[in-house]
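Trainee: Please take one part of this model and go through it closely. Then set that part in its context.

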Amino acid sequence: MCPREDDTFRSTRYGGHPPACTCVACCEKRRAGISTGYTRKKSSSGTPVWFWTVIAVVVIAVLLALVF
Ligand SMILES: [Zn+2]
């Protein structure tokens with residue numbers, strides 16, 4: 001027996017739970033303040049540390065060049 005088409009879509013797109021899922025597990029998650037649905041990995045979001053390191057080095061270099 002094959003899975004239904006919408007079930008397959010839901011599991012691939014949302015990992016089994018759409019954003020508006022009302023199952024018990026999602027209600028518990030929502031009550032705990034955890035976002036449900038598709039989210040990016042935390043490591044891939046936001047600005048990486050090396051970017052700020054490069055910015056800091058450049059700013060320090062410019063300041064030194066202006067002072068001296
Ligand atoms: Zn759910």
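Mentor: Here is a close look at helix 3. Residues are numbered from 1 along each chain as its sequence is written. This is a predicted model, so local features need pLDDT of at least 70, side-chain atom pairs count only at pLDDT 80 or more, and totals for chains, interfaces and linings use all residues.

Helix 3 covers residues 49–67, 19 residues in total. Helices here are DSSP runs (H or I, at least four residues), numbered from the N terminus. From first C-alpha to last, helix 3 reaches 27 Å, close to the expected 27 Å. That expected span is 1.5 Å times one less than the number of residues.

Where pLDDT is low, the predicted coordinates should not be read in detail.

Buried means 20 or more other C-beta atoms within 10 Å of a residue's own, with C-beta atoms placed from the backbone. Helix 2 (residues 24–31) also has a buried count of zero. Across the 68 residues of the protein chain, 0% count as buried.

Notes: Helix = DSSP H or I, 4+ residues; strand = E, 2+ residues; numbered from the N terminus. Buried ≥ 20, exposed ≤ 12 C-beta atoms within 10 Å, placed from the backbone.
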